[in-house]
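Please find my notes on the model below. They are set out as numbered points.

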Amino acid sequence: MEEVEREYPPATRLIQERTIGLVINLPNHNTKFVKDNYLIRRFAVDSGVPLLTNFENGI
């Protein structure tokens, strides 16, 4: 049986369409995807989707 490769929609589109109701983005000094993390946070703010960027504030 042949495995079908799925193409998942980018997180930014899901945020913009409000398919995602909460974004948890916890960057740290080991973050490898700085640009992607920035875009995800920016889209959340611009789309009015709640955003957590600090674990301590999310408790």
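1. Of the contacts in the chain with a separation of 6 or more, 68% are between residues 24 or more positions apart. The model is a predicted one, and the points that follow should be read with that in mind.

2. Two helices and two strands are assigned in the chain. Along the sequence they are arranged as α-β-α-β. Helix α2 covers residues 34-47, and β2 covers residues 51-52.

3. The chain has 59 residues, and 15% of them count as buried. Its accessible surface is about 5,300 Å², with 52% of that area belonging to carbon and sulfur atoms.

4. The largest nonpolar core has five residues: Ile15, Val23, Ile40, Ala44 and Val49. In soluble globular proteins, nonpolar side chains tend to be buried together.

5. What does Ile40 contact once its neighbours within four places in sequence are left aside? The partners are Ala11, Thr12, Ile15, Val23 and Asn25.

6. Some nonpolar side chains are on the outside. Leu22, Ile24, Leu26 and Phe55 form a nonpolar surface patch, and together they have about 410 Å² of accessible area. Phe55 comes from the segment after β2. Phe55 has a relative accessible area of 58%, so this residue is exposed, the cut-off being over 50%.

7. How many salt bridges does the structure hold? There are two. One joins Arg13 to Glu17, with 3.5 Å between the closest N and O atoms. Arg13 counts as partly exposed because its relative accessibility is 40%, a value that falls between the limits of 20% for buried and 50% for exposed.

8. The other salt bridge is formed by the side chains of Asp46 and Arg42, at 2.8 Å from N to O. Both residues belong to helix α2, where Asp46 and Arg42 are four residues apart, or about one turn of the helix.

9. Are Asp46 and Arg42 buried, partly exposed or exposed? Asp46 has a relative accessibility of 56% and therefore counts as exposed. Arg42, at 34% relative accessibility, counts as partly exposed.

Note on methods. Residues are numbered from 1 along each chain as its sequence is written. This is a predicted model: local features need pLDDT of at least 70, side-chain atom pairs count only at pLDDT 80 or more; totals for chains, interfaces and linings use all residues. Side-chain values use heavy atoms; hydrogens and water are left out. A salt bridge is a side-chain nitrogen of Lys or Arg within 4 Å of a carboxyl oxygen of Asp or Glu. Buried means under 20% relative accessible area, exposed over 50%, partly exposed in between (1.4 Å probe, protein chains only). Contact means heavy atoms within 4.5 Å. Accessible areas come from the Shrake-Rupley method with a 1.4 Å probe; for residues, only the protein chains shown count as cover. A nonpolar core is a set of buried Ala, Val, Leu, Ile, Met, Phe, Trp, Tyr and Cys residues joined through side-chain atoms within 4.5 Å. Patches are made of residues with over 30% relative accessible area and no salt bridge: like charges are joined within 9 Å, nonpolar side chains (Val, Leu, Ile, Met, Phe, Trp, Tyr) within 5 Å.
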